[in-house]
Amino acid sequence: MSERKDYTRIMAEYLKAGATMLSLTCPVEGCGLPLFKLRTGEIVCAAHGKVLLVKSDEEVKEIRERITMISVLDKLEEKTLNIIREQSEGEDVDPREIIGWLEVLERIRRLKEMSREKQSPSKPS
Ligand SMILES: [Zn+2]
């Protein structure tokens, strides 16, 4: 892919400017390019520019875990919604069971909210 080549050129420029390549890759889904730490301390991806305002590799890891968590919760939410839909359309509906699933759904959504709240360190100060 020719797009990839352009990124290589950008990465070479990062290195020329004194940046160091980190052992971590870009957390943006489907990207996976190596991250670079600029002399200014900023961490950048050749494709996405300044992706995260992070201070340490640990922070990058933490944010990656959170993104994974949200995508897992998204899938769970969809599954739970499907179960609720199927059950409520069934012949012998047990309301208690549906309420149980609704509670599960609510818990999933709360967890998702929590993950999202923690995820926004990118306000310029
Ligand atoms: Zn990227």
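What you're looking at is a predicted model, where local features need pLDDT of at least 70, side-chain atom pairs count only at pLDDT 80 or more, and totals for chains, interfaces and linings use all residues. Residues are numbered from 1 along each chain as its sequence is written, and side-chain values use heavy atoms, with hydrogens and water left out.

Now for the overall layout. The protein has three helices and four strands, and from the N terminus they run α-β-β-β-β-α-α. Helices (H or I, at least four residues) and strands (E, at least two) are DSSP runs, numbered from the N terminus. Of the 125 residues, 26% are buried.

Next, find the zinc ion. C26 (SG), C31 (SG), C45 (SG) and H48 (ND1) coordinate the zinc at 2.1 to 2.3 Å; donors here are N, O and S atoms within 2.8 Å of the metal (3.2 Å for Na, K and Ca), and since water is not among the atoms, sites may look incomplete. Along the chain, the donors follow the spacing C-x4-C-x13-C-x2-H. Because the donor atoms subtend angles of 104 to 115 degrees, the arrangement is tetrahedral, a label that four donors get if all angles lie between 85 and 135 degrees. C45 is buried, at 0% relative accessibility, while H48 is partly exposed at 38%.

Move on to helix 2, residues 57-89. At 1.5 Å a residue, its 33 residues should span 48 Å, and the end C-alpha atoms are 49 Å apart, which agrees. (The expected span is 1.5 Å times one less than the number of residues.) Its buried residues include I63, I70 and E77.

So what does E77 pair with in helix 3? One partner is R109: their side chains meet in a salt bridge at 2.6 Å, N to O. A salt bridge means a side-chain nitrogen of Lys or Arg within 4 Å of a carboxyl oxygen of Asp or Glu. E77 lies in helix 2 and R109 in helix 3, so this pair ties together parts 32 residues apart in sequence. E77 also forms a salt bridge with K112, with the closest N and O atoms 2.3 Å apart. Both K112 and E77 are buried. Through shared partners, D74, E77, R109 and K112 join into one network.

Key
Buried means under 20% relative accessible area, exposed over 50%, partly exposed in between (1.4 Å probe, protein chains only). Four donors count as tetrahedral if all angles lie between 85 and 135 degrees; four count as square planar and six as octahedral if opposite donors are over 155 degrees apart and all others between 65 and 115; anything else is irregular.
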